[in-house]
Amino acid sequence: MARGRHPEASCAADTSEPAGRDWVQRVRRALLNWYRRCGRDLPWRQSRDPYSVWVSEVMLQQTQVKTMIPYFERWMQRFPNVRALAAASEHDVVLAWEGLGYYSRARALRQAARRLAREHPAELPRDVAELQRLPGIGAYTAGAIASIAHGRPVPAVDGNVSRVLCRLQAWTDDPTRAPTKGQVWKLAGRLVGRGRAAEINQSLMDLGAIVCTPRGPSCSSCPVRRDCRAAGLGVVGDIPRPATRPAYARRHEVAGLVRRRGRWLVVQRPLDEQRWAGLWVFPHAEVRAHEGTGAALRRALGAAGLTGRLGPELMRLGYQVTRFRTTLEVHVCTGCSGRATPVKATAVAWKRSEELEQLAMPAAHRRIASRLPGLDASPGETAGRTGCTKSLGKACCAARG
Ligand code: SF4
């Protein structure tokens, strides 16, 4: 879909009537009654502040409500409005986002705030097309901000809303593709078109999150049960149609620990990297097919201007991001030499373990960092360039900073 174009507009030529006027009225009434009694009490719903709505909606993309609430509350204390966010450094913004993943969302929020601070009186536009011109704001987020914060009669269709509407109409085709996508947005538009768009949109979001869930929906307690075609036809389990899951790919990575004078080497990932751009990591590389772990580690060290060898394995982590199931081996590096310099990195730094808390790191590397204080305190810690600790298995870290 072209940016700046709301999906509802794309089905303007579609004259099919998905539901009659009476149906729309009944469903609206049922949703509003249910929302008044059962709507979720969420921190960003305390006010209709456009900035709060915006931040919450961006955080909720790819993140569950329970997980994101503490992030949202900390964020609002740290960056309470557009101006505060625009004035913040990228480092501080990414650090505040650490743990939520998909860091491009945090960067887009800051970029949009900076643009707003320059071009507007630091306020979010009311119009969905204008909202969609801002970095990181798509059709759903624009609809949510415009309806919830500004009371505009526009729909906001996310995965939850789409599932509810498809079930209400017993639409079995893929709602992420035309023409079903257009029909879904059009139906959502009809539901909000008679006013109270904020409540209608949020009731649909909540219904999808707590009643009309992907698996095992609670149809018996659903406020729109009598108007639900899928429930009437007994096809609820077929909607949405089970997606063909993409095959998982396995990924093997290595990270190296290099220590000098009680400080650990970390490198900042290049800003143009797709993954972990701008975040700090321990020297790290993917182990390519037909490549040994040692060779991959040498590449990782080379990106920081060092040479060195694979030492003892300290830990092994498993994690999954998108379709990748990753095994990360963490090794102590031995025989390191050279001057640490950002050859294929934005920056390199030597940090004490407690100082690492000030750097934005991806979750896997934060887990490694959390283990380092134990190593700092281990017997055998010596001053000097070639100091080793017993627990590091005589890992020599002779690299010069
Ligand atoms: Fe969803 Fe069941 Fe309600 Fe229909 S009746 S909207 S399938 S929870």
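The model is predicted, so local features need pLDDT of at least 70 and side-chain atom pairs pLDDT 80 or more, while totals for chains, interfaces and linings use all residues. Residues are numbered from 1 along each chain as its sequence is written, and side-chain values use heavy atoms, leaving out hydrogens and water.

The second largest pocket holds about 750 Å³ of space. A pocket here is an open set of points on a 1 Å grid over the protein atoms alone, where a 1.4 Å probe fits, with protein on both sides within 12 Å along at least five of seven lines; lining residues have an atom within 4 Å of a point. The volume is the space filled by probe spheres set on the points, which are joined across faces, edges and corners. Its lining takes in 24 residues, with Gly101, Tyr102, Tyr103, Trp276 and Val321 nearest the centre. Helix 7 (104-119), strand 6 (307-321) and helix 15 (363-376) each give two or more residues to that lining. Helices (H or I, at least four residues) and strands (E, at least two) are DSSP runs, numbered from the N terminus.

Helix 7 has 16 residues.

As for the backbone, the Ala178 to Pro179 peptide bond is cis, with omega near 0°, and Pro179 sits in the loop between helix 10 (159-169) and helix 11 (180-192). Ala170, in that loop too, has a positive phi of about 55° without being a glycine.

Terms used: The expected span of a helix is 1.5 Å times one less than its number of residues.
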